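This briefing is intended for a reader who has the sequence and the coordinates to hand. The points below are grouped by topic.

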Protein chains: 2
Amino acid sequence: MTLKPDFSKHDGLIPVIVQSVGNEKVLMLAYMNELAWEKTVETGKAHYWSRSRQRLWVKGEESGHTQLVREILVDCDLDTVLLRVEQLGSAACHTGYESCFYRRYGNNGLEIVGEPMFDPKEVYKK
Amino acid sequence: MTLKPDFSKHDGLIPVIVQSVGNEKVLMLAYMNELAWEKTVETGKAHYWSRSRQRLWVKGEESGHTQLVREILVDCDLDTVLLRVEQLGSAACHTGYESCFYRRYGNNGLEIVGEPMFDPKEVYKK
């Protein structure tokens with residue numbers, strides 16, 4: 001049986017859906033290359049490949065909001081991963097919201113439905 | 001305020017995470033172009049862009065397992081969508097499992113953790 005995701009397509013990157021094991025909320029979407037996958041499996045902490053910065057990053061390296069991996073699921077085509085995590089610091093999004101999906105689309109455009117968990121200025125000191 | 005996702009990057013495609021509103025399970029990952037987005041909003045049924053077949057498809061067109069859209073959320077960068085749906089026919093995956101993420105990664109490779117909901121041979125008649 002195949003042992004792990006297939007990194008041979010799409011420039012060696014696979015999308016990773018991140019879900020909180022606590023409340024089942026979808027927190028974010030990120031990408032992994034094979035190195036990020038290996039580091040994640042080895043350490044139990046979520047590592048991703050940043051497409052904008054073109055480098056490996058461990059989630060929480062600046063904010064301290066690490067994601068502890070509780071379960072790794074792969075999809076039918078072996079080219080997408082669902083990472084079920086315990087989110088330290090209660091928020092995954094750099095905006096301070098628990099989830100990156102904090103806005104709902106409706107007839108009047110986008111409406112904020114998430115609750116802010118921290119002030120980004122305090123956390124990132126930028 | 002911006003009214004909808006940004007289709008200007010990545011060949012006009014955005015990844016769409018699909019989650020069941022019933023049990024909060026992540027069902028699948030698909031892609032939308034702007035036309036798929038418009039059709040989804042207009043009809044309330046999930047439409048996607050198939051990268052392998054290079055065409056628009058409405059989820060369930062063959063199986064009858066339509067996804068009724070209950071909530072649309074967009075991420076902080078406006079380039080990923082979280083579609084919260086009611087999954088008709090109880091399964092989203094063409095393999096017959098409820099979720100495409102029916103296998104768990106562990107020390108011994110991949111282990112099936114999902115329950116099959118239908119027999120693909122019966123549903124797709126292929």
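Is Cys100(A) buried or exposed? Cys100(A) counts as buried, because its relative accessibility is 9%, and buried here means under 20% relative accessible area. The model is a predicted one.

**Cysteines**

- A search of the whole structure returns zero disulfides over all chains.
- For Cys100(A), the closest cysteine sulfur is that of Cys93(A), at 3.6 Å, which is too far for a bond; a disulfide would require the two sulfur atoms to be within 2.5 Å.
- For Cys76(A), the closest cysteine sulfur belongs to the other chain: the sulfur of Cys93(B) is 3.7 Å away, again too far for a bond.
- Cys76(A) counts as buried, because its relative accessibility is 18%.
- In chain B, Cys76(B) has a relative accessibility of 17% and therefore also counts as buried.
- Cys76(B) is located in the loop that runs between strand E5 (67–74) and strand E6 (81–87) of chain B.
- Apart from neighbours within four places in sequence, the contacts of Cys76(B) are Cys93(A), His94(A), Thr95(A), Cys100(A), Tyr102(A) and Arg103(A).
- Cys76(B) and Ser99(B) are 23 residues apart along the chain, and their C-alpha atoms are separated by 25 Å.

**Relation between the chains**

**Interface**

- Chain B contributes 40 residues to the contact, and chain A contributes 40 residues.
- The copies meet through the same surface, because 100% of the interface residues of chain B are also interface residues in chain A.
- About 3300 Å² is buried between chain B and chain A, and carbon and sulfur atoms give 68% of this area.
- Phe101(B), Arg103(B) and Tyr105(B) supply 21% of the area that chain B buries against chain A, more than any other three residues.

**Aromatic rings and charges**

- Over all chains, the search of the whole structure finds eight aromatic pairs.
- One of them joins Tyr48(A) and Trp57(A) in a tilted arrangement, with 5.4 Å from centre to centre and 50 degrees between the planes.
- Both Tyr48(A) and Trp57(A) are buried.
- In chain A, Arg51(A) lies over the face of Tyr31(A), 3.9 Å from the ring centre.
- In chain B, the ring of Trp57(B) has the charged end of Arg53(B) over it, at 5.4 Å from the ring centre.

**Positive phi angles**

- His10(A), a residue other than glycine, has a positive phi near 50 degrees.
- His10(A) belongs to the segment before strand E1 (14–20) of chain A, and is partly exposed, with a relative accessible area of 45%.
- Leu78(A), likewise a residue other than glycine, has a positive phi near 60 degrees.
- Leu78(A) is placed in the loop between strand E5 (67–74) and strand E6 (81–87) of chain A.
- Leu78(A) counts as buried, because its relative accessibility is 14%.

Conventions:
Residues are numbered from 1 along each chain as its sequence is written. Chains are lettered from A and ligands numbered from 1 in the order in which they are written. This is a predicted model: local features need pLDDT of at least 70, side-chain atom pairs count only at pLDDT 80 or more; totals for chains, interfaces and linings use all residues. Side-chain values use heavy atoms; hydrogens and water are left out. Contact means heavy atoms within 4.5 Å. Rings of Phe, Tyr and Trp (its six-membered ring) pair if their centres lie within 6.5 Å; planes under 30 degrees apart count as stacked, over 60 as edge-to-face and the rest as tilted. Buried means under 20% relative accessible area, exposed over 50%, partly exposed in between (1.4 Å probe, protein chains only). A charge sits over a ring if NZ of Lys or CZ of Arg is within 6 Å of the ring centre and within 35 degrees of the ring normal. Helices (H or I, at least four residues) and strands (E, at least two) are DSSP runs, numbered from the N terminus. Buried area is the accessible area (1.4 Å probe) that two parts lose on being put together, summed over both.
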